[in-house]
Amino acid sequence: MTDAESQLAAADAQLTEKEQECAAGEAQIASAKEELESGEAQITEALAQLQDGEAQAEAYQKQIEDGEAQLASAKAAIADGEAQIETNRSKLKDGETQLAAARAQLADGEQQIASYRQTIQSGEAQLAAAKQTISSGESQLADAKQTIADGETQLAEAKQTIADGESQLAEAKQTIADGETQLADAKQEIANGKISLADAKQEIADKEKELEDGKAEYEKAKADAEPEIADAKQEIADGEKTLADLKKPTWYVWGRNKVTSTESFGQDAGRISNIGKFFPVIFFLVAALVSLTTMTRMIEEQRQQIGTLKALGYSDGVIAFKYFAYAMLSTVSGALAGVVVGEKILPWVIMNAYGMLYTGLPYYMTPLNWEQGGLAILASAACTGVATIAACYKELAAGPAELMRPEAPKNGKRIFLERIGVLWKHLNFTQKSTVRNLVRYKKRFFMTVIGIGGCMGLILVGFGLQDSITAIAKNQFVSLFTYQANAVLNSDVDESEKEALQTDLENYSGIDELLEMYCQNIELQTDKKTVDAVLEVPKELTNFNDFYAFRDRKSGEVYEFPTDGGAAISEKTATMLGVKAGDTVQLKKGDDIVDVKISIIVENYVRHYLYLAPDLYEELFGGAPDYNQLLMKYQDMSGNYETALGEKIMTYDGVAAISFTSDLIDQIDNMLRSLDIVIVVLIVSAGLLAFVVLYNLNNINITERQRELATLKVLGFFDGEVASYVYRENMVLTLFGVIAGMGIGTFLHHCVIQTVEVDMMMFGRNVFPRSYGWSA
């Protein structure tokens, strides 16, 4: 109640204060009304001045109108004088014409000329008088304009006085409105204060009732919760006891490069990076060939235009700059579009394909690399520009008359095939013409063969990459690793548990053979490089060949497990270390480093391996290995069988994990399947480039030989015969291009495979015959 009374007293004080503010507001309103009356008087006086200024302005305007009328009259007089002058001049010309036509009338013509000259002098005098009148009118007009300007200045001052008065009047009215608003606000605040005081008294009563209800509810909830709190405390005590009984775990800290998904993503990125270093060069060379052919042909077609320009006086530099500017415009615009497509669209397509394999990649960064893009644009411009300048230089070396004549056809001559009479006599006319034309147009022959061969080589590389990639899983886990499952044992498993596990697996339905292996991550070192590898040591060598196949990839020679005190090393590992059979490498296992002799190099595609015999391992490390893997062979590779086998094996405490070869094959296939979209992009791009090359070359071929083909039609060849005449040459050129493309594609495939490989994997080296067929 004390708080309520205090609030009431405060509200009374605010009410008194607001009444005082109302009295002050009424005083301000009275003062504002006096200022308003003073402003209205000033406005009345300013309006009177404004009316006087407007009367003066009307008088000045009347003077201006009179001056303009005089000026118009003077101008009309000038116009009449000029018309008379023009008329007299026309008559003068007629007289001079008559004088030249008839010398006999010379005396009469001279009298007429004299008369016309007097008339002209009279018109010129009138013109001078009119100009004097105009000058006088312009002076009067300037005086009138100055008088108007003075009147306008007085009028502006009067308007400013009126505006100032209106502004003061508006301010006074606003002051009155503000005072009335403050008075209304004060009265409203008084009313609101009375309402708030009543609400505060009611709220005090409501809160006191809520306090009593809350105390009663708290007592009831406390009584209900005490049994639950006791149960929770007991559960906490039991959990702490269980936690105290647990054994201290062993922690294994792995770096990010040991995470399978991270390592796989890094390998995929490495493959794409290697492809990006190799393929653009090949595509660029073929595209440069197209640009060279196109610009050379365009300049050769415009020989007559170049000759015409030279005959008209244009310099060689100006003519060459015309074609150079055209080449640069098309090249730079096309290169800019290519940079955007190559750095935005194609990377997005490839990243989208990879995004299906990895989670957590919702966004792909495809920034524009202007450093690489600028380099590509400069290279394209350089190739096209050099080709254009070279072609222009060749044509501009001739004279205008020679350029404006059509280029003479090349002379025919005997070819080598004609000297082989047995063969040459069995060729008909069209076949002989085809052979002669192929030898006659050597430039077209080599350009077509190189273009077709280069494009087929690119397509063959795409199909060959697919062959090499798809062969990895099959070669590694079917041909080389011939077991079907691998059980990884715990490090603390004892011999009795191993024997029990082997006995159960030997009796398990479908299991054919078992092999104990020791597997350990190691480092192999040479002076050139250090490679992370896997050490494999079999417990028995008698049935080792049933689980692994040691062979040479190139010769196909099958090896036995080395027992001569040396080791077997995988091919990719040996290549990276730079060693061959008979060399020595350092093996680092933990803190132990030993030297190992290499006896054989075996075919391998996934990861790096070193194989030691058990007695050699004991000799190097002074003890038998702790065999930690169990390999299994069986025939039934169905999903149901392997699922049941896996569930059976994982019931043993000594088994840490189990992996099936079929799962590894699927995993590698899925990992490498992401490269399919890259291969598709390469094949489609190479196919489009091949289409452009072939279209361009064929178009040039037909355009260059229009007269020749027209001559054949004049000689009676039908359209079909003329077409077959051209097609036959294209087929022969295509055959030579395909033969060249097989060699180019095989060479490029070998180079690309070695370039795009990553350290942990070796791609296949063979291209299937069907790929040659599809590429051709």
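Okay, housekeeping. Because the model is predicted, local features need pLDDT of at least 70 and side-chain atom pairs count only at pLDDT 80 or more, while totals for chains, interfaces and linings use all residues. Residues are numbered from 1 along each chain as its sequence is written, and side-chain values use heavy atoms, with hydrogens and water left out.

Let's start with salt bridges, meaning a side-chain nitrogen of Lys or Arg within 4 Å of a carboxyl oxygen of Asp or Glu. How many does the structure hold? There are ten salt bridges. One of them joins the side chains of Arg-303 and Glu-395, at 3.0 Å from N to O. Arg-303 sits in helix α4 (residues 303–311) and Glu-395 in helix α6 (residues 370–396), so this pair ties together parts that are 92 residues apart in sequence. By the way, helices here are DSSP runs of H or I with at least four residues, strands are runs of E with at least two, and both are numbered from the N terminus.

Are those two partners buried or exposed? Arg-303 counts as buried at 11% relative accessibility, and Glu-395 is buried too, at 4%. My cut-offs: buried is under 20% relative accessible area, exposed is over 50%, and partly exposed is in between, with a 1.4 Å probe and protein chains only.

Next, Asp-467 and Arg-770, whose closest N and O atoms are 3.7 Å apart in their salt bridge. Asp-467 is in helix α10 (residues 442–480) and Arg-770 in helix α19 (residues 769–775), so here the parts being tied together are 303 residues apart in sequence. Asp-467 is buried, with a relative accessible area of 3%.

Then there's Lys-310 with Asp-316, a salt bridge with its closest N and O atoms 3.6 Å apart. Lys-310 is buried at 18% relative accessibility, whereas Asp-316 is partly exposed at 37%. And if you like networks, salt bridges link Glu-495, Lys-498 and Asp-626 in one.

Now over to strand β10, residues 629–634. Six of its six residues are buried. In general, side chains in a regular strand alternate between the two faces of the sheet. In β10, Gln-629, Leu-631 and Lys-633 are on one side, Leu-630, Met-632 and Tyr-634 are on the other, and both faces are covered.

Which strands does β10 pair with? Strand β1 (residues 485–489) pairs with β10 in the antiparallel sense over four bridges, and Ala-487 stands opposite Leu-630. Strand β2 (residues 511–525) is also antiparallel to β10, over six bridges, with Glu-513 opposite Lys-633. Pairing here means that DSSP finds at least two bridges between the strands.

Out on the surface, Asp-224, Glu-228, Asp-231, Glu-235 and Asp-238 gather in a patch of negative charge. Patch members have over 30% relative accessible area and no salt bridge, with like charges joined within 9 Å and nonpolar side chains (Val, Leu, Ile, Met, Phe, Trp, Tyr) within 5 Å. Glu-228 is in helix α2 (residues 106–245) and is exposed, at 58%.

Last stop, the backbone. Most residues other than glycine have a negative phi. Arg-607 has a positive phi, near 65 degrees. Arg-607 is in the loop between β8 (592–602) and β9 (609–611), and counts as partly exposed at 38% relative accessibility.

Definitions and conventions
Accessible areas come from the Shrake-Rupley method with a 1.4 Å probe; for residues, only the protein chains shown count as cover. Lys and Arg count as positive and Asp and Glu as negative; His and the chain ends are not counted. The place of a charge is taken as NZ of Lys, CZ of Arg, CG of Asp or CD of Glu.
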